[in-house]
Amino acid sequence: MSTASSVLLQFLELITALIAAPLLTGWVNQCRAWLGNRSAPPLTQFYRQLAKLFEKEVVLAGNASSLFRAAPYIIFACMVLASTIVPTLSTDLPFGPAADAIALVGIFALARVFTALAGMDIGTAFGTLGARREMLIGFLAEPALLMVFFTTSLISQSTSLSTIVETLGQREFAIYPSLAFAGVAFTMVSLAENARIPVDNPTTHLELTMIHEAMILEYSGRHLALIEWAAALKLYAYSCLGLALFFPWGIPEGTGIFNLLVALPSLAFKLAIGGFLLAAIETVSAKLRIFRAPEFLGTAFILSVLAMLVHLLLEAPK
Amino acid sequence: MANWPGLLSIDWMLSAVCAWLAIGIAAIIAPRNFRYIARTLYPAGALVGLLLAIAAFAALSETPEVVVLPLGLPDLPFHMRLDSLSALFLMLLGGSSAGISIFSAGYLRKAEGTAPGVQCLQYHVFLASMALVLLADDAYAFMVAWESMALSSFFLVTSDHRIPEIRRAGYLYLLIAHVGAISILLCFGVLQGGGHEGIAGYTFANMRNAEHSAFWASAAFALALFGFGAKAGLLPLHVWLPEAHPAAPSPVSAMMSGVMLKTAIYGVLRVAFDLLHQPLWWWGVAVLALGLVTALFGVIFSAVQSDMKRLLAYSSIENIGLLFVGIGLALTFQSFGMTALAALALTSVLYHCLNHAAFKSLLFLVTGSVLHATHTRSLGKLGGLIHHMPWVAWLGLLGVLSSAGLPPFNGFVSEWLLLQAFLFTPGLPHGYINMMIPLAAAAVALTAALAGYVMVKFFAVIFLGQPREASLHHAHDAGWLERAGLVWLAALCAALGLFPVFVIEKLDAVTRPLLGAGIYQAAGAAAREHGWLFLAPISPDRASYAPVVFLLSIVLIVAATYFIVRRFWHMRVRITGAWDCGFPMQTARMQDTAEGFGQPLRQVFEPFYRMTRELPSSFDKKPVYRVVVEDHFWYWLYLPVAKLAEFGARMVAFLQQGRISIYLLYSFVTLVVLLFLIRG
């Protein structure tokens, strides 16, 4: 494992994330359309949308501050960084030691805070409403996610994502009750964090129930393109994270070409299945009232704490 | 610096104390000469602070030095001692006070409260007494310094003593400070009871050598926890904090929150790890539980405040809670002989002390600038200030992000270390504690996430959005002296966030004498493999974090994205009105107020608050909505205690009949009783 090839691999992972993220979102939308018995947009619809938005000029409110204009770039950078840290194609990443699982939660939080601040910058009713709700979702989702990572960290005795994935990948195929709890909690958190039904609806506009869309209502043009792309990257990062934690088979430790030939198709296959399942969950559930969302996330939080306790009670090495 | 012929490091510290006292005395020579005080004395005080910080930094890893001053009681002269723990907190005091004093130089206004000279004296006595608290090496010197600190800060809090609320806040502060001081005094009394004859037992050196039974050690610890907890704002002795912080002038709030609360942490560390060196496991568990309750309580209340300084005061309670969580964890580990983990937990505590001093002082100073620019502390009357006060806003943003514990800023580092300490707990030889730890870790994670909520509210309501009052358009940015103070503290935040490895290496010098282990040393060569970039407290395989790489990659991605968008597309912008779903009648009053932003949390955590709501009916001519959120403790604990005290006083007053014959009867009865006793 030479440094040059692992740097190259890291770069490849970055490029894969940038390209695959819109595809994944497109795939989920396609599945949703099929399951809802509608005709689906093409898989590449998201690229066209990005291209269109980059072409358009930015329409900016007169009282926007420079924070409002900087935020899309910062949010995009956070999400790019997050998707490079998550081990997808290999666990031997030169970037790995820069940020561990706790720092990854921190990156998501940083992006969330900037989104919320930008949402409040213009001072419209919808923007502040969205920011307030986003922070409400965040304050419960963030610790739940952290607790999921803690469970896996206790199993692998490390908070480094690479080590976690390596340890989980090498274990024998057996059901770990703690991981089952953690998996359910993680799924619930991912739904909430990615603005999915039942907590938020990614396709909603002009509705009093919107959260994420309400915050970014004032964005247009390239700013909106970056934010949409960042949202796609977030979904991609969360999906890869779930796959790496709970279905880690197929992520090689080394770097060589052969390993890549295994890693890429298995990643694509797992993402396709995961995307379909996400669309299925969204199709069969109804959106919750906003004040049911804390209950939903509270359940996720308790499940993730239970996962830790279960690990300590049943699985801890004596 | 320490090698100056004939001068020890501690002499430098004491000369800084003298310099501060001299500045204070120089101020009352001309108490009304505004320019002389603001432009000469405060900057001089800042310089002394800076020199103190440098000297303390140099003294961090030196052997302890002891000096006996020719002052004090006949058999108990003032003992002074400078060891690494004192040096660290002196560094914190010097570093923060440098920023706060230079800010004060620009902040001071004519005709506000006390005469500027008197205030300058009180402020510098406050600084000097805090330094003496950290240097004291016997109970008497400690108590003298501790009481001067309490008194000088009381006078500073009540600067605007013509306002009744401020007098009330000052009274509450003084009361709780003294209840705490009595407890600390009793604690020293217990500590000296170890065989040393006479008053010499009150030196810390003799306390260290004394042997205590488990019961008396626990009693001393409990008294210390109560006494220092009262100063720190530990539940249920926190009530003075949200009253006193808003009442005091902003630099004083910054000083109290950033530095004075840390002297209480210093006291707990001094007693628990230095004077008593054999902690019992349940001390740790009790402190951990108290810390968690305090942290959650603080952050939940912080979220619903609409006064910006009260919000920060509650946030200080939260941070104190987190510090006690770390102390509890360190005590637990130490009691089971796991020194390396105890060192990890204690390092997170010390690191968080430095962090909190930097970012909370910064945020309090920011509120000071906002207060001077807008004349209001109420969040409901602010908004949009980022356009009028860009310096304050952007530096405040740095403090807010640090305080919210977001990477790559400083709050995240200590939070990260604390969570790492939690993660390595399994292995405690006590099943139930092992089970409790995940719950505690979950509570810490929840607190940290809620802190993000609070900080978004603080920043967004003050600086973003539309101005909620027309007068805000005339708000002005801070002057250059104020800016210098803010920049200094913001730079401290950034440095602490970006270069944690240097700081931890220095903190090793503090944890090693106390616990016998330091994490930088314990990690060994493996952790140092990556050099100063990577923070890896146990080993790089277990956990690592590199803030500089983190920041650089974000900056790099932002720059790359910007240039790619510019190169391949365009940078066209059209400025118009806000879109807001096409709703045309937007006004500033339609934004979330502070109450509105806190509303979800009021609903989620409803049982924790004592709320009185007045809802308007649909027929009201002038509809009024009012919500008052109060603290249960005030009604459950403080008012009953106050009533009890009043009842006791009334019972005693029964003796005072106001008639001379009754008093003569008392004297006669006393005389007879005494004669009866002496006879036997």
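Student: How should I read the labels and the model?

Tutor: Residues are numbered from 1 along each chain as its sequence is written, and chains are lettered from A in the order in which they are written. In this predicted model, local features need pLDDT of at least 70 and side-chain atom pairs count only at pLDDT 80 or more, while totals for chains, interfaces and linings use all residues.

Student: How many helices and strands are in chain B?

Tutor: Helices (H or I, at least four residues) and strands (E, at least two) are DSSP runs, numbered from the N terminus. Chain B has 23 helices and 5 strands.

Student: What share of chain B is buried?

Tutor: A residue is buried if 20 or more other C-beta atoms, placed from the backbone, lie within 10 Å of its own. In chain B, 55% of the 680 residues are buried.

Student: How many residues of chain B are in contact with chain A?

Tutor: Contact means that the C-beta atoms of two residues, placed from the backbone, lie within 7 Å. Here 68 residues of chain B are in contact with 69 of chain A.

Student: Which helix of chain B gives the most to that side?

Tutor: Helix 16 of chain B does, with 15 residues.

Student: Which strands of the two chains pair?

Tutor: Strands pair if DSSP finds at least two bridges between them. Strand 1 (residues 58-61) of chain A and strand 3 of chain B pair in the parallel sense, over 4 bridges. For example, A:V58 has B:V573 as its bridge partner in strand 3 of chain B.

Terms used
Buried ≥ 20, exposed ≤ 12 C-beta atoms within 10 Å, placed from the backbone.
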